[in-house]
Every structure is written in C-alpha cells, then in structure tokens.
Amino acid sequence: MTAPTHADPHKAVDAYTAAQQAQDAAAGHGARSFRIWRGADGEGEFRDYTTEAIDGMVVLDAVHQIQSEQANDLAVRWNCKAGKCGSCSAEINGKPKLMCMTRLDELPKEEPVTIEPMRAFPHVRDLVTDVSWNFRVKPKITRFTPRPPDAPDGTWRIDQGDVDRVQEFRKCIECFLCQDVCHVLRDHHLHDEFIGPRFLVYAAALEMHPLDTADRTAQLKDAHGIGYCNITKCCTTVCPEHITITDNAIIPLKERVVDEFFDPLKALVRLVRGKKKD
Amino acid sequence: MSEYQTVEHDVLVIGAGGAGLRAAIEAASRGVKVGVVTKSLLGKAHTVMAEGGVAAAMGNVDDRDSWRVHFADTMRGGQYVNNWRMAELHAKEAPERVRELEKWGALFDRTKDGRILQRNFGGHRYPRLAHVGDRTGLEMIRTLQDHGIHEGMDVHMEYTVVTLLRDGERIAGALAYDRERGRFRVFRAKAVVLATGGIGRAYSITSNSWEYTGDGHALAYLAGAALQDMEFVQFHPTGMIWPPSVRGILVTEGVRGEGGVLRNRDGKRFMFDNVPDNYKPQTADNEEEGWRYTQGDKDARRPPELLTRDHVARMIVREVKEGRGSPHGGVYLDISWIKEKMPNAAEHIRKKLPSMYHQFMQLANIDITKEPMEIGPTTHYVMGGVRVNGDTQMSTVPGLFACGECAAGLHGANRLGGNSLSDLLVFGQRAGQHAAEFARANGDAKLDDAEIDAGAQLALAPFERSGGEGPYQVQESLQETMQSLVGIVRSEQEMQQALTELESLKQRAAKVSVPGNREYNPGWHTALDLRHLLIISEAIARCALDRKESRGGHFRDDYPDKDPAFATFNNVVRRGDDGAMSVTHEPIPPLPAELAAIIEEMKS
C-alpha cells in the first residue's frame, strides 16, 4: 500500500482546523492490543491487532483505525457514533455493549480488548450479525390504535405526566443488546415463540400509550411468549439507554396477563360473557 | 435480460430516514407498489440524531405565530435565495404534518393544557419547535418506521445503490448491491425518490455518519439531473471538540434554547459584540433580557446565541483565530450557569437535555449541570442539493424525485434549526404523492442491459486492481482538503488549490484497490463512496468559487460582504456531454406580491 501522498502546506490557513489538529498531538498516546473475531457465517477465529490509542478513544474508534490501517475489509456495522442509533452492538470483553459508547480507558489496560459479534443472532461476517429477525417480529404486534381525537380540529389533549410515563420505553434505540443477552433467545433459541425484551418494551410502550385503545394481552400470552421471561433482569443490566426493562415494562405486562387470564373471578365473567376482544 | 435478479416497484424510494419513510408511506397510501432501499438497517438513519425539534407554526405556545411568520423567518434565515414556493408550502403544511405524526403514535412534550409544546430556536421568532426532550428525531423516525411497516412497503435493508437506470430521458430504476452477500440486484421502477440525506463525510469534522456521502446528489447528477446551490453548507456552531475521538458530534441548539450561553476564554459573552443589522430589532441587547426570552417571556427578545447558525459558527471561529478560544480550540457553551437563576437547575437540565447530559458524561467525563462544555463548529447539513420543482419535488429528470436534505431550495443559503425535520415531513409527503401519480400516469420503463452491466463493472473495478492505495487513505485526504480549503472561511486561492487537489484525488481514487471478497466488505463500500464524494466536493468548490460574496453558510474572506447582485439567481450544476462539470446561473423567479408583502411586513 502506498503511503498517503497528500501534502499539507495549507494546514496553517485555517486556524480552527489547525487548533483542532494540535489537540491530537497533545492527546495522550499509547499502544493497545485487541482480539477481534474474524470470519464468516459462524466460522472464524480471534485475530490480534495493535493500534495507537489516544485520550477518550472508544472501542469503535479503535476498530475503525484497525480497519483503515490494517484490515480494510474488517466488517463492522455502525452509524451515528453517539449512542443514538444502536447499530454498533457487540460483545466487548464478553459483555454486550455499544462499541461507540465504550471508552478504552474503562477497560483493563494490561490485557487485550476482545471484540466479538452478538451471539443471539446468525453470524454474517466479522463483527456483523443478521438481526433481521427483529424486523420481522415487530409487525406482528398489534399496531398503535388511537382513540378518536379530543378536539374538533382532530388533535388530542394529553397530560405531560402521561407522556413521561412511556418516554422511558420510547427511548429505546433498537440496539438489540437486550435480545442478545436474553437466555431464552441466546441459549434456548426460542425465536419463534418469544419476542424478547425489546419487543416487550415496545408492547409496553403501546399498551401504556395515553391514546392507544388496543388490547395486546392475549397475544402477549400466546403468540409472543411473555411467560418465557423468568425475570433474570439481564436485559435491564445491558440496556445502554438505562431502561428498566424488567421492572417497568415486562412485569406490568405479566400482571396484565395474570389479571386477564388467571384471575378466577375474571375467568368466570369471561365464561359467562364470552371472550373479550384481543 | 440482465443476469441479475430484478425486483419491480412502481415507486422506489432510496433512503430510509425521515424523508424517505414519509415519501414511502405517502406513496403506499395511494395504492402503488413501493420499495425502500436503505444503506443501513431500518430506523438507524441520521434523523435519529436530530435533537431540538420540528418547526411548525401551530401557535400552541404563542398565538402570534402563523405560517406567514414562519415563511418570513425561513426566507430571512436563507438570505432570500430560497425557493420561495417551497418556503411557502413548508410553512403552510408543517403543522398538519406534525399533527399527523401524533395520529401515528408520536408523543411530543405537552403544554399545560395538554397540547403539543413548542420551544424557542435560533432564527424562529416565536416558540415553534415541537419536541420530545432532546431526542425528537428518534421519536419521529421510530413513529414513521412503526407506522410504515404496516402500510405495505418492501424494505430492502443494507442495499447500496451504485447507479440509477434510465429509459431514454426518464428514470427506469436503480442498480444496487446487498452488503451481506455483495450481489447485485436491479430495482425496476416507474418513479424513483431520492431521500439520501447529506454530504458531511466530505469533511473531516462532521456530525454526520459514514452514510452521508452525497449519494443522492451524485446519482442524480450522473443521471443528468441538475444540482443547485452546492456552496451552501451548514457548519453547526456547536459540535463536541474534546476528546478528539468525539470531535464533530453534535451538541443540540436546544442547549442555547434552554438558556445556555457562549463564552470565550475570558468568560465574556462575545455574541453580544456583533449582531447583524437585519436581526438587531429582534435581538436582546442585554443578558437579562436574553434569559427572560429563553424562559418564555413574550416581551423579551432572543439572546444573540440564538442568531442563525452560520453567524454563530463564524463568531466562534473568530474568537479562536484571535486567540480567545478554549484550550482545545473552541469556545465554552455553558448551561450550568442557570443555577444562579433557578432552584433545581441540575434536575431541570437533566430533564430538558437528557441525551446531552448522557453524551458528555459518558464520552467526555463532563457534568454539564456543573461545568461548561467546550464546543466548536462541525459540518452538519447541506442546503444545496438536487434542483426540484417546488410543488412536486421532481428533478429535471422525468420520474426522478428528491426530498429532504438531498433536495435544494427550501433553506436557501442557511437552514434554521428545526426546519429540517419539518422539511422532510412536508416534502417527503409531496414527493411520495407526486411519485405515485407519476407512476400511475406512466407505463413501465424499459431497462438497458448495457447500462446495468457498465454499472456493475464500474462497481467491481476496485477488486480487479491490486497493489493500489487503500480507499480510506484517499477518503481522508479528500476530507482534509475540503475541511482546510472549502470550509467555514473560503477564498479564491484556496478553492483553486482545492480543485487541483480534487483532480489528483480523482486519479488516486481510480487506482484504489480493496482486499477481501464482496461479502460485507466496508473497504469496497468506501471505494465506491469515493466517486460520489469527489463529485459533490467538486460541485461545492465550483459553486463556492463562483459566488463572489458572503451569504448564509457561504463565507468568503476575499468577498466578506453580501452583494445584492448575487441574490437574484441560483447556481445550477450540470454534467456536460463530455463529462465535465458546469456551473450556470438560473434567475430566481420574482416573488408574488403577497409573499413579498409578508417579508416586508416582518422586517421590523
């Protein structure tokens, strides 16, 4: 590979750019080593890389630097690099994390940083997995169904408190780290029977939406397999948006299922009156 | 017959950010068969990064607001080279487009009486931005995504378009490849909507992700469409600058909307020093009045920190150049100071600006409720783009539409914050509608196998070569060239030098080789991006050279003033038969008397 031939005589022209470049020189440097999973379709191996780390660098920066300088074809999925799009999910030193929000200085310096693809999804190449299953699950959940508008101009009146209650769930960036860590999916591969924490959060956001009128309880129990969750809270632990997935989303949904289907009094009412809409 | 798999749609939408999804929803609702091609996964596009809000003159917070004020604000912000028809339609239709999102499940923050809350933002006279804390873009894209998946559209994720296909003059579809396996696929369509976003990756300091390589601009240009006003690039005044790895990441204007102030090294609020004449009547002349404005006092005028982005960015650069910058070459943005004004300030900041709090805590070890942020300008948005009809969004190529950031016109020389999210809703809807109508009115387009094969061959060329330079090195050189020579402050000599360097970069790009195979190979993708980046970089440099004045996002050291002679036309870029790029002037049609009267009335 030829070295970059770009000459920089004009650098001093733009003082702002120059000041920015001066920072790089001032930032602390040091070599760090990485063990990155390379391979395709589930076959592969760890490969070792060493690259210069500077102050404040995140794991994704290191991966990009290795990609640019040593391994042009190293596959990695990313977009915003600011923790907002949820594309760069991986397992860093064995823990599911976003590469763009994991600083190198939080990881032990003495040992190489290991970076692997998520395990709950089919492997594609290097750090990339096939997460398309998630996109097939979502349309199966009954869509948002608003009540009729409150005002003649077709708008609604909503209390800020009711908005705040569901905002936690709507923060989700769909990184699928919760799906990755969930043992029902990761270890038991019950992708056909269980929608996983991400979509339980999605269902909770719809169920608790102040305007929504649909009832998703029956589908949560049957088609979506909410009963498989045994509340180990692993999903909550890895959520980069700090959504309290288990306590605030899944448990209330489980309670609705219990209330509706396992409450003896309600069962009797149902028997007499016929089945509720679902 | 082409050897590649062919998929048929009536309308093909390229890009799945807010504009693309809104266009796809609209087209699908009109009963045509819609396909969406996206470089990334659904819901990951740059719309998620939009923080501050969506501008729509609903008047929920201040009933003096109306489409007329929004129109005048947009024209003033764009320094009157906007497509006035687009500015008019945008101001009139944005409120309905926002309310429609609520019908589809979006939850905006509320006023006390339960209506959609609106906040202040730079260049908007009244509180106008509907928002959800500082993650409005995520709320919008998720709403469009979750609604769209039930509307009957085929989404092709992680496909990259390598060339548009034509049938004579009209559009016929696109040739793309899937990232996972590297296989080509032909998308035949009666109409194509470009919604590919911006060009930020042509610069080294940018808030944009890898995707923003001017694909729509370059694909349209190569297909014979005209581009417009490419010199107008927005450098957002507040990007993170420290540590180096986060440089360029956006710090929302909402920080200033909530009372954040800019200070130089000496602690001085330098923005008070230089308020442009046309904004003086609306700008506070003391700190107290500015603070009252951010807290909703209707009698107060806005603080100078909320002047338009082009102006604020230049003032920051001036502070740094004149030696009054912060240690890492920026200035300070301080929201923590509001603790002098209110109890529970820390809690208030965390509630109003949750993502900013999180971003600085996690990436820079800075608690923004306690200390100031260091910030500097970052390449954020391109006002220029595909030249379109203001009503239909159709480009100069029949059947080829463009909307959102990749289309030109609405924002003129400078975009107001919040006008991007409303742009993508209003013109996404319009592009979708008119693309569907075009598809219904026109029969199937014929595909040209030779065109398809040529596109595929060109795309595979980096694998055919070996021992060439890597694509990342060429990309980096290009970014440095544009950053240094066609950046915030421009001059004749530097831009001439940039054109010379772009020529040599073209030579380097033509020799790039990539290792590995076609499956999920980012090196290959980067090599393909170079073609688009080189085209849009040249277009920016040529338009910027041609505009011998300073206006909006375009500032010339050698022509620091606005020249009225340049307010009468748009720069239009076309590809000649010989493949060379030309820039011509197209007169801006005269403003109708009604719109002219609105602008005059709002000047005071």
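Domain bounds, as used here, come from an automatic or database domain assignment. The model described is a predicted one.

**Domains**

For chain B the assignment gives domain 1 (5-232 + 383-449), domain 2 (237-379) and domain 3 (469-572). Between the C-alpha centres of domain 1 of chain B and domain 2 of chain B there are 29 Å. Their contact takes 24 residues from domain 1 of chain B and 27 residues from domain 2 of chain B. On the side of domain 1 of chain B that touches domain 2 of chain B, five residues are nonpolar, twelve are polar and seven are charged.

For chain A the assignment gives domain 1 (23-129) and domain 2 (132-273). The C-alpha centres of these two domains of chain A lie 32 Å apart. Here twelve residues of domain 1 of chain A are in contact with 13 residues of domain 2 of chain A. The side of domain 1 of chain A that touches domain 2 of chain A has seven nonpolar, three polar and two charged residues.

| Domain pair | Distance between C-alpha centres |
|---|---|
| Domain 1 and domain 2 of chain B | 29 Å |
| Domain 1 and domain 2 of chain A | 32 Å |

**Contact between the chains**

The two chains meet in a contact that takes 72 residues from chain B and 62 residues from chain A. Several elements of chain B give two or more residues to this side, among them α3 (84-103), α4 (136-148) and α14 (492-511). The most comes from α13(B), with nine residues. By class, the side of chain B that touches chain A has 28 nonpolar, 24 polar and 20 charged residues.

Helix α4 of chain A (residues 160-170) has A:Val166, A:Phe169 and A:Arg170 buried. Seen down the axis of α4(A), these buried residues fall within an arc of 85°, so they line one face of the helix. Their cover includes α7 (196-207) and α10 (245-261) of chain A, together with α4 of chain B.

**A buried helix in chain B**

How many of the eight residues of helix α5 (residues 215-222) of chain B are buried? Seven are, so α5(B) is largely enclosed by the rest of the structure. Among the buried residues of α5(B) are B:Asp215, B:His217 and B:Tyr221. Just after α5(B), B:Gly224 takes a positive phi of about 100°.

**Strands of chain B**

Strand β2 (residues 34-38) of chain B pairs with β6(B) in the parallel sense over five bridges. B:Val36 stands opposite B:Val155 in β6(B).

The bridge partner of B:Gln228 in β17(B) is B:Val572.

Terms used
Residues are numbered from 1 along each chain as its sequence is written. Chains are lettered from A and ligands numbered from 1 in the order in which they are written. This is a predicted model: local features need pLDDT of at least 70, side-chain atom pairs count only at pLDDT 80 or more; totals for chains, interfaces and linings use all residues. Two residues are in contact if their C-beta atoms, placed from the backbone, lie within 7 Å. Helices (H or I, at least four residues) and strands (E, at least two) are DSSP runs, numbered from the N terminus. Ala, Val, Leu, Ile, Met, Phe, Trp, Tyr, Cys and Pro count as nonpolar, Asp, Glu, Lys and Arg as charged, and the others, Gly among them, as polar. Two strands pair if DSSP finds at least two bridges between them. A residue is buried if 20 or more other C-beta atoms lie within 10 Å of its own, exposed if 12 or fewer, and partly exposed in between; C-beta atoms are placed from the backbone. The arc is that of the directions from the helix axis to the C-beta atoms.
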